[in-house]
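Hi everyone, thanks for making time for this one. Let me put the sequence and the structure up on the screen, and then I'll walk you through it.

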Amino acid sequence: MKRVTFTDRCDGIGSVYNKGDVAVFPDGVADAIVAAKKGTAEAMPDLPPSKVAGKKDAVDPPVDPDPGKQDPKTTPENSKS
């Protein structure tokens, strides 16, 4: 992964970035932005395994193993409109 600092407006990569914006991209995407002279890139340090995206942490809500059951306090009949 590389951190890109945009030096010009760039809008062909799914979002619009303006001069001065900073974003993180996979190496190939960052290299293409630099090749198009739209930004500069610097390598990002590898994160330790505990910081890898997608890992559940304590702030994620618990997952209900039976989504068919609903709490009677939260059913549409009992909620206020």
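Let's start with the aromatic rings: Phe6, Tyr17 and Phe25 are joined into a cluster by ring pairs. For the cut-offs, rings of Phe, Tyr and Trp (its six-membered ring) pair if their centres lie within 6.5 Å, with planes under 30 degrees apart called stacked, over 60 edge-to-face, and the rest tilted. Before going on, a word on where this comes from: it is a predicted model, where local features need pLDDT of at least 70 and side-chain atom pairs count only at pLDDT 80 or more, while totals for chains, interfaces and linings use all residues. Residues are numbered from 1 along each chain as its sequence is written, and side-chain values use heavy atoms, leaving out hydrogens and water.

Back to the rings. There are three aromatic pairs in the structure. Phe6 and Tyr17 are stacked, at 4.6 Å centre to centre with 5° between the planes. This pair links distant parts of the chain, with Phe6 in strand β1 and Tyr17 in the loop between β1 and β2, 11 residues apart. Helices (H or I, at least four residues) and strands (E, at least two) are DSSP runs here, numbered from the N terminus. Phe6 and Phe25 have ring centres 6.2 Å apart and planes at 85°, so that pair is edge-to-face.

Buried means under 20% relative accessible area, exposed over 50%, and partly exposed in between, using a 1.4 Å probe and protein chains only.

Now the sheet. It is open, with three strands in the order β2-β1-β3 and antiparallel pairing; two strands pair if DSSP finds at least two bridges between them. At the edges sit β2 (22-25) and β3 (39-43), each pairing on one side only. β1 and β3 share five bridges, and Arg3 stands opposite Glu42 in β3. Between β1 and β2 there are four bridges, with Val22 in β2 as the bridge partner of Thr5.

β2 also has two faces: Ala23 and Phe25 lie on the covered one, Val22 and Val24 on the uncovered one.

Finally, a residue to look at in the loop between α1 and β3: Lys37. Its phi is near 60°, a positive value in a residue other than glycine. Lys37 counts as exposed because its relative accessibility is 69%.
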